[in-house]
Amino acid sequence: MHSFNSDATPDPLTSSSVIDLRDPLSLGRVIFTNVMNFVAFSLTGLALLPLFAILLEILRKGLPNLTWQTLVSLPAAVGEEGVANGFANAIQGTILMVGIASLISIPFGVLTAIFLSEFGKGSKVAATVRFVATVLSGVPSIVVGVFAYAIIVLAPACKGFSAIAGSVALAVIMLPIVVLTTEEALKLVPVPQRLASSALGCGSFQTTFRVVVAGALPGITTGVLLAVARAAGETAPLIFTALFSQTWPEGLKCNSPTPSLSVMIYNYASSPFQEQNRLAWTASVVLVGIVLLVNILSRFAIRSLKTR
Amino acid sequence: MANSSDQTSRPSSQPPTSLEGSLSELTMGGPAVWLDLGFLVIVYAFALGTFLVLFCMAWVIFDQARPAILHFGLGFIVGRDWDVPNEIFGALPYIYGTLVSSAIALILAIPIGLSVALVTSEDFLPSWVSSPVAFIVELLASIPSVIVGLWGIFVLIPFLQPIQDFLYNNFRWIPLFSTQPVGPAMLVAGVILAIMILPTIAAISRDVLLAVPKDLRSASMALGGTRWETVFGTLLPASFSGIVGASTLALGRALGETMAVTMVIGNSIEISPSLLNLGYTIPAVLANEFAEAGEGLHIGSLMYLAFILFVLTLIVNVSAVLMVQVLGSRRE
């Protein structure tokens, strides 16, 4: 690998030209080491910058306007002074759509994960389903939005932009996350517990729900929360399924555009009105706060589950 | 176990009745068996459902794109015009923008991501420093893309403006920097994408590097290699395929990233060699035009674009997943 033994004689023990290990490294190698250290550390420092820059800017621009009133009132019309201005409708819309998406994707995802870890374990079918779930998690969220648009917004049964269309799109986004994290959680339950349950005469239904799922519940909850946080921050799947509105969401009615925090940030970010820009920053504080909290907590939860 | 002798010594004429009951249920097909059977069927059905979502998605989008596919054929991919009133549609500017912005992102993010992976996986730093560093970089992935875009509009574009001006003033003879910068640009989109895919590259490369056997590292050091000679001579070659897999996954993410790019790329249908010029990507045009699209060829063409994006990311993601799987099985 290095040139230092090229001039060594065949028998280094008797030869006088033995390598002196106390010799300092050649200048070239010292420079190489130091340059690479410098490059690697400065690039790593560079990688840390964006998160801090983003968080700092959100807090600086958003926090001063974050009052109770912004959380409970509707957006004021542009140019109106002295009127309560807020985004309560967007918060409500986000909760509504993420809630329905959870109702669809959690049972679906958990049952699929049960199949993967309990019934199909090691089979070709399970490997295929897991592969499809992994690929599904890589499908761009905008394509998921196009899918929901095609099957709901264009469908004669529930034509038009609606909370249902947005929820279906978010459910498809959440599904692979729920499947893959739940399977990991189920795999952490020791096999002897399943055997013990079967030996006591429990059927597969009882074993799965009373022993395996019950034991894996903290892990499943963590995965579900991660999926919820991801769905709450998604914009692309909502932008032409739920659209946006300045009024309160109207529940599950068809053809009623529904506001959400993420689409509101998008619309107000590129708005020419400064008060709307300000509202976008304030909404970002709320959204990033929720998303980061869930991610940091679940990170610690997963670590303590794995070491338990 | 202590009272097992009691059980064996129990007279066999009095068997535990409850066990007998459930045994007979098992053999006779009582409610418990039906419950289990039903449960099994439901679990299989839901797994099949997950499986079908992907195919259903592909079919629905293809079906909606069919008018445009029949009308334009493969010429759509090389068409340069996007004329909504006259219903002439071509995808080339969008495909070009998507590929170029993703390429810039990969060129910027791979060295930075690898640096993070190396610094946090080797023993450069004590673990109480390196694990928070790895954590902070991974946390970046959880920031919603619309908020990264908001930051891009108000912080990154003003920050990059002097750099763009400098490149234009001094290097405009290079085609890459040959247009007057106006703020939003292909380059800004590339930088934003690099920030968003950085956690993917850093996290997966770190796992791959940590999985390189300790023996290889020790062997290189024992032969007199310095730390960086070990990195370049041993660690990186040993983990090369894993790092390629990580970069491929990151590419898949970059190709489909929508909001942040839409907010900083300028959304202009042009094909220019200059990175300082405005651009457009497939996800960006979908985000901008879908809500207002009329019936007919316009919506069909947007669906066609969505289908192209779907197939593109599918190929990239499947090859990345296969690469990682092959790697995992080889390690076992």
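In this predicted model, A:E57 and A:R60 join their side chains in a salt bridge with an N to O distance of 2.9 Å, the term denoting a side-chain nitrogen of Lys or Arg within 4 Å of a carboxyl oxygen of Asp or Glu. A:E57 and A:R60 are separated by about one helical turn because they lie 3 residues apart in helix α1 (residues 27-62) of chain A. Local features need pLDDT of at least 70 and side-chain atom pairs count only at pLDDT 80 or more, whereas totals for chains, interfaces and linings use all residues. Residues are numbered from 1 along each chain as its sequence is written, chains are lettered from A in the order in which they are written, and side-chain values use heavy atoms, without hydrogens and water.

**Interface of chains A and B**

- Contact, meaning heavy atoms within 4.5 Å, involves 79 residues of chain B and 82 residues of chain A.
- About 7,100 Å² is buried between chain B and chain A, with 83% of this area given by carbon and sulfur atoms; buried area is the accessible area (1.4 Å probe) that two parts lose on being put together, summed over both.
- B:F39, B:T50 and B:W228 supply 9% of the area that chain B buries against chain A, more than any other three residues.
- Between chain B and chain A there are 2 salt bridges, while the count over all chains is 12.
- B:E229 and A:R29 form a salt bridge in which the closest N and O atoms are 2.8 Å apart.

**Helix packing between the chains**

- Helix α10 (residues 274-307) of chain A and helix α6 (residues 127-139) of chain B have axes that come within 11 Å and cross at roughly 140°; helices are DSSP runs (H or I, at least four residues), numbered from the N terminus.
- Axes are lines fitted to C-alpha atoms, for helices over the stretch in contact, with angles from 0 to 180 degrees between N-to-C directions.
- The residues that meet are A:L292, A:N295, A:I296 and A:R299 in α10(A) and B:F135, B:E138 and B:L139 in α6(B).
- This contact of α10(A) with α6(B) comprises 4 nonpolar, 1 polar and 2 charged residues; Ala, Val, Leu, Ile, Met, Phe, Trp, Tyr, Cys and Pro count as nonpolar, Asp, Glu, Lys and Arg as charged, and the others, Gly among them, as polar.

**Helix packing within chain B**

- The axes of helix α7 (residues 145-171) and helix α8 (residues 186-210) of chain B come within 9 Å and cross at roughly 130°.
- α7(B) is therefore oblique to α8(B).
- Residues of α7(B), including B:W151, B:L156 and B:L160, meet residues of α8(B), including B:V188, B:I192 and B:M196.
- The contact of α7(B) with α8(B) divides into 12 nonpolar, 3 polar and no charged residues.

**Helix packing within chain A**

- Helix α7 (residues 191-199) and helix α8 (residues 204-233) of chain A have axes that come within 10 Å and cross at roughly 140°.
- α7(A) and α8(A) are therefore oblique to each other.
- In α7(A), A:Q193, A:R194, A:S197 and A:S198 meet A:T207, A:V211 and A:V212 of α8(A).
- The residues of this contact of α7(A) with α8(A) are 2 nonpolar, 4 polar and 1 charged.

Note on methods. Helices (H or I, at least four residues) and strands (E, at least two) are DSSP runs, numbered from the N terminus. Angles under 35 degrees count as roughly parallel, over 145 as roughly antiparallel, 65 to 115 as roughly perpendicular and the rest as oblique.
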